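Open the model in your viewer and keep the sequence panel beside it. The tour below goes stop by stop: what to select, then what is there.

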Amino acid sequence: MKGKRNVPCDGTESPTRTEAKKAKTALGSNQKLLGAHVSAAGGPHNAIREASELGARACGFFLKNQRSWKWKELTDKQVELFQDALEKYNFDVENVVPHTSYLINAGSPAADTLEKSRANLLDDCKRCERLGIKLLNMHPGSSVGKIERNECVALIAESLNYVISETEKVVIVLETMAGQGNTIGGTFEELKAIIDMVQDKSRVGVCIDTCHIFAAGYDIRTSEKYEETMKKFGETIGWEYLKAFHINDSKGGLRSHLDRHADINTGYLKGSFKRLMNDLRLDNIPMVLETPSGNYKQEIETLNGYING
């Protein structure tokens, strides 16, 4: 049974809900699904509430404590509250892209870490399925300098195949990385190599992080370089695998390999975001802000202002 809606006794909508509705209506026919990484403290339903109050059309959040190997089980009540929040705020679950734990290393050469990583990832996928969430973002993994990169790639694919075989619907979305240290995913070729070894390719995708790809060496600062990078993505991985975006400016320069997010228009990518907002290929793809100051409402407004501008 659905819980009671937060509606005043006079039949009018609550101020919070009304404000969220106005923000979404103001976007009109804009097909860019902008949102932000928000908090799920107290339950995933709170992430939907927070995102809606920002005027977001998409959101990301951690399904559980991202820095612990221990976690509490998802309750039936939390699932019910989440479904209620989706309905209350008219939020499309297709645009919800949670993030897995930072501890997960699906390509770890250490057997105990690999086992824990696979269990953690499997738990996240099962949580998504209970909540009705279709996409789950993850950092691919790291060789930690103990094995060859191609061995790590194979282990990541093996982990994905295992988790996919134990679940039904969730698409595991591999995030592009900045190429720092021994991490995998700093090149489109590495992500394609993982995808090639995934047995059910309908269950895997890619999330482009603007800060990460720039730090890894993919330039998007001019129209020419932007098209060059997008063409490279399409030819190497394929547009059909693009499931989400993380929108961040970068504190590090091109090929710096620094995973250092900056607020929109305060880093090396200043001036680049108008191209993203007017690229029709990116319509209807969740675009999640992960900027340091968390001034998401203003940044969403700024980015929406670039459309057709």
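**Start in a loop**

Select Arg 255, found in the loop between strand 9 (249-250) and strand 10. Strands here are DSSP runs of E, at least two residues, and helices are runs of H or I, at least four residues, numbered from the N terminus. This is a predicted model, where local features need pLDDT of at least 70 and side-chain atom pairs count only at pLDDT 80 or more, while totals for chains, interfaces and linings use all residues. Residues are numbered from 1 along each chain as its sequence is written, and side-chain values use heavy atoms, with hydrogens and water left out.

Check the backbone of Arg 255. Its phi is positive, about 60°, although Arg 255 is not a glycine. Is Arg 255 buried or exposed? Arg 255 is exposed, at 53% relative accessible area. The cut-offs are under 20% for buried, over 50% for exposed and partly exposed in between, with a 1.4 Å probe and protein chains only.

Move to the loop between strand 10 and helix 9, where Asn 265 lies. Asn 265 is not a glycine either, yet has a positive phi of about 65°.

Stay in that loop and select Ser 272, between strand 10 (261-262) and helix 9 (273-277). Ser 272 is buried, with a relative accessible area of 1%. What does Ser 272 contact, leaving aside neighbours within four places in sequence? Show Ile 220 and Arg 221: Ser 272 is in contact with both. Contact means heavy atoms within 4.5 Å.

**Zoom out**

Now show the whole chain. It has 10 helices and 11 strands. Of its 309 residues, 54% count as buried. Take the contacts between residues at least 6 apart in sequence: 78% of them join residues at least 24 apart. The accessible surface comes to about 13,700 Å², and carbon and sulfur atoms account for 49% of that. Areas come from the Shrake-Rupley method with a 1.4 Å probe; for residues, only the protein chains shown count as cover.

**Helix 2 against helix 3**

Two packed helices are described by the angle between their axes and the distance between the axes. Select residues 44-53 (helix 2) and 76-88 (helix 3): they pack at an angle of about 15°, with axes 7 Å apart. That makes helix 2 roughly parallel to helix 3. Axes are lines fitted to C-alpha atoms, for helices over the stretch in contact, and angles run from 0 to 180 degrees between N-to-C directions. Under 35 degrees counts as roughly parallel, over 145 as roughly antiparallel, 65 to 115 as roughly perpendicular and the rest as oblique.

Helix 2 passes helix 3 in a left-handed crossing. Left-handed means that the near helix is turned anticlockwise from the far one by less than a right angle; right-handed means clockwise. Show the side chains. Helix 2 brings Pro 44, His 45 and Ile 48, and helix 3 brings Leu 81, Phe 82, Ala 85 and Leu 86. Six of these contact residues are nonpolar, one is polar and none is charged. Nonpolar covers Ala, Val, Leu, Ile, Met, Phe, Trp, Tyr, Cys and Pro; charged covers Asp, Glu, Lys and Arg; the others, Gly among them, are polar.

Colour helix 2 by burial. Seven of its 10 residues are buried, among them Asn 46, Ala 47 and Ser 52. Gly 55 follows helix 2, with a positive phi near 80°.

**Between strand 2 and helix 3**

Select Phe 62, in the loop between strand 2 and helix 3. Phe 62 is buried, at 16% relative accessibility. Residues up to four places away aside, its contacts are His 37, Ala 40, His 99, Thr 100 and Tyr 102.

Glu 73 is found in the loop between strand 2 (58-60) and helix 3. Glu 73 counts as exposed, at 58%. Beyond four places in sequence, Glu 73 touches Gln 78 and Arg 127. Draw a line to Arg 127, 54 residues apart along the chain: the C-alpha atoms are separated by 8.9 Å.

**Last stop: helix 5 and helix 6**

Select residues 149-165 (helix 5) and 188-197 (helix 6). They pack at about 45°, axes 8 Å apart. Helix 5 and helix 6 are therefore oblique to each other. The crossing is right-handed. The contact includes Val 153 and Leu 160 of helix 5 and Ile 194 and Met 197 of helix 6. By class, it has eight nonpolar, one polar and two charged residues.
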